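Please keep the sequence and the model open beside the text.

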Amino acid sequence: MKKQRSQSKQPAADGQTESPAALPTVGSEAASKGLPIIYKRNRWQHFVRFVAFGGIMALDFGLVGSAISHHLVRTYSMLSLGRELLAYFLVLLCNLVVVPSIVLEAHTVEVTDDRLILNNLLFATSLPWEDIKSVVAPVYLKFAIIKTRKFFYLLNKRDIDGFSDLINTIRQKMGTSAN
């Protein structure tokens, strides 16, 4: 993911609008001014997730469609039932392992003064700092896990250029919101 500042123009003290180039960078006083900081994954990496999700859904629908056509054309046998159940079990296992990581991985993360905004593959969510319970970044996983009161979200360590800055900012905002 690339880090970007918000492209919206901020009003200056004298009434003039600042250009986006004049806004502070992530490493400077951006957090103290409360400007939104956006971390965004490369488009090709986001496209790969869409293709993988579409492929898995095509596999699921193809398996069900072939089972329906098999039962309509051929006679029922116990041998085919065992093979069919094994295929359903393997596809279910694949879905349980791969689909959550594809769907729940954040494509865009925006850090603001009052909330964390995550855009995932299929939905977007806005989390107030009070709702975030913890942020865990295990060394052995490629994902950091953001746990909230109701759900969890994933951040890919390999896709974010400023991953440590993002995690530190989230932890800092969580600490200040608890005060």
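## Basis of the description

A residue is called buried when its relative accessible area is under 20%, exposed when that area is over 50%, and partly exposed in between, with a 1.4 Å probe and protein chains only. The model is predicted, and for that reason local features need pLDDT of at least 70 and side-chain atom pairs count only at pLDDT 80 or more, whereas totals for chains, interfaces and linings use all residues. Residues are numbered from 1 along each chain as its sequence is written, and side-chain values use heavy atoms, with hydrogens and water left out.

## Overall make-up

The protein chain contains four helices and eight strands, taken as DSSP runs numbered from the N terminus (helices: H or I, at least four residues; strands: E, at least two). Read from the N terminus, these elements follow the order β-α-β-α-α-β-β-β-β-β-β-α.

Of the 179 residues in the protein chain, 36% are buried. The accessible surface comes to about 10900 Å², and carbon and sulfur atoms hold 62% of it, the areas being computed by the Shrake-Rupley method with a 1.4 Å probe and, for residues, with only the protein chains shown counted as cover. Among contacts (heavy atoms within 4.5 Å) with a separation of 6 or more, 51% are between residues 24 or more positions apart.

## Salt bridges

Five salt bridges are present in the structure, each defined as a side-chain nitrogen of Lys or Arg within 4 Å of a carboxyl oxygen of Asp or Glu. One of them joins D159 to R49, with 3.2 Å from N to O. This pair links distant parts of the chain, since D159 sits in the loop between β8 (152–156) and α4 while R49 belongs to helix α2 (residues 43–73), 110 residues apart. Both D159 and R49 are buried.

Another salt bridge connects R149 and D131 at 3.4 Å, N to O. R149 lies in the loop between β7 (143–148) and β8, and D131 in the loop between β5 (124–128) and β6 (132–136), so the pair ties together parts that are 18 residues apart in sequence. R149 is exposed, because its relative accessible area is 58%, whereas D131, at 26%, is partly exposed. Through shared partners, salt bridges also join R49, E105 and D159 into one network.

S164 is located in helix α4 (residues 163–178), and it counts as partly exposed because its relative accessibility is 47%.
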